[in-house]
Amino acid sequence: MDFNMKKLASDAGVFFSRAVQFTEEKLGQAEKTELDAHFENLLAKADCTKNWTEKILHQTEVLLQPNPSVRVEEFLYEKLDRKVPSRVTNGELLAQYMVEAANDFGPGTPYGKTLFKVGETQKRLGGAERDFMHSASINFLNPLRNFLEGDWRTITKERRILENRRLDLDACKARLKKAKAAEAKASAVPDFQETRPRNYILSASASALWSDEVEKAEHELRVAQTEFDRQAELTRLLLEGISSTHVNHLRCLHEFVEAQATYYAQGYQYMLDLQKQLGSSKGEIFPGTFVGNAESTSPPPATTSPTTVSATIPVVPTVGRAPNPATAVEGALNLSDVKPPASGTRKARVLYDYEAADSSELALLADEVGICSLNSVHSVWHCCTIVLDQGLARPLGLATPQPFH
């Protein structure tokens with residue numbers, strides 16, 4: 001117990017001495033031991049490496065996992081030394097929804113078949129993304145994280161010890177300087193005519209005491225200088241290891257780039273295979289249940305009206321020709337199956353009354369037949385939009401459109 005109290009008192013004295021020295025240095029009342037230029041450059045390089053490593057690590061984590069809540073959860077699992085639960089990627093989740101939708105719509109329908117094929121490709125893309133995230137985490141993130149949590153913590157600890165050794169060294173220098181000044185003042189030759197014998201005896205005793213204090217301060221200074229030099233050398237060796245850290249991070253960066261290139265190459269190849277399976281190429285449209293946005297191949301009729309003439313109607317079977325039940329199951333028409341109109345004009349029947357909003361529109365009555373120029377055929381369910389030569393009519397309501405006459 002007595003030993004602990006002595007140690008506590010000694011530590012408190014050292015802490016107080018360092019605090020006084022630090023305060024005096026900040027106020028410009030005490031001298032500070034400066035490090036050499038090479039050592040300062042090593043410190044600056046280490047700080048720069050630490051700052052940019054933190055930023056690169058954080059942004060790479062954001063790239064691999066954009067969801068911040070998931071990143072926090074994974075961080076907590078790592079701190080608690082628990083295994084991070086396996087999660088499906090966004091691509092795999094999309095693939096699951098597409099496959100389930102294909103099963104509900106019917107795997108034999110064109111839409112169901114397409115959904116199933118696209119879902120399988122999305123699943124492969126999700127698997128490639130998972131492999132990329134795993135490879136990037138092991139080969140790139142872990143080395144950066146190990147540097148920050150391992151080497152950098154050691155460097156920070158040794159730098160803090162070095163700073164304390166420097167404060168102790170400067171405090172010893174200040175004490176030695178004060179002791180020498182007091183010794184010189186006490187050892188000054190007194191004037192025997194003006195100095196009483198008693199004061200002369202006290203002056204000689206004080207000179208001897210200050211002489212002992214100088215010797216003690218010199219001994220403490222030598223010890224503090226030795227400890228400071230040893231700690232400075234140890235810290236310098238750790239700081240010089242930053243160059244090796246750069247080499248290691250460079251190798252990890254190459255591996256990260258290779259993993260990312262492999263991931264994107266796989267995704268590109270998967271999408272090419274999907275396009276081949278769907279029979280699509282540049283400039284073609286995926287086959288579906290409805291034909292939409294199909295531009296007419298016939299040239300538009302000559303007209304002086306600046307208003308574009310178009311109509312949006314569902315595709316109806318040819319009149320006088322019964323639909324084949326076998327083909328009705330498929331329910332899909334390719335673009336090549338849609339014949340362009342013989343002429344650029346068709347008749348359309350108005351569903352119900354419409355009052356023009358301004359002079360640029362045309363008032364219409366129910367069951368009125370209008371002649372329109374057809375630019376495109378759109379298969380929009382339960383919607384009929386008629387654009388006449390005289391003006392634009394707004395959507396005519398949600399009802400089954402009347403076929404052309």
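Okay, let's start with Arg-175: at a relative accessible area of 36% this residue is partly exposed, meaning between buried, under 20%, and exposed, over 50% (1.4 Å probe, protein chains only). Quick caveat: this is a predicted model, where local features need pLDDT of at least 70 and side-chain atom pairs count only at pLDDT 80 or more, while totals for chains, interfaces and linings use all residues. Residues are numbered from 1 along each chain as its sequence is written, and side-chain values use heavy atoms, with hydrogens and water left out.

So what does Arg-175 meet in a salt bridge? Its partner is Glu-220, at 3.3 Å, N to O; a salt bridge here is a side-chain nitrogen of Lys or Arg within 4 Å of a carboxyl oxygen of Asp or Glu. Arg-175 sits in helix α5 and Glu-220 in helix α6 (residues 197-240), so the pair ties together parts 45 residues apart in sequence. Helices, by the way, are DSSP runs (H or I, at least four residues), numbered from the N terminus. Glu-220 is partly exposed too, at 27%. Then there's a network: Glu-163, Arg-166 and Asp-170 are joined by salt bridges that share partners.

The whole structure has 11 salt bridges. Another one pairs Arg-159 with Asp-47, at 2.7 Å, N to O. Arg-159 is in helix α5 (residues 110-186) and Asp-47 in helix α2, so this bridge links parts 112 residues apart in sequence.

Technical notes:
Helix = DSSP H or I, 4+ residues; strand = E, 2+ residues; numbered from the N terminus.
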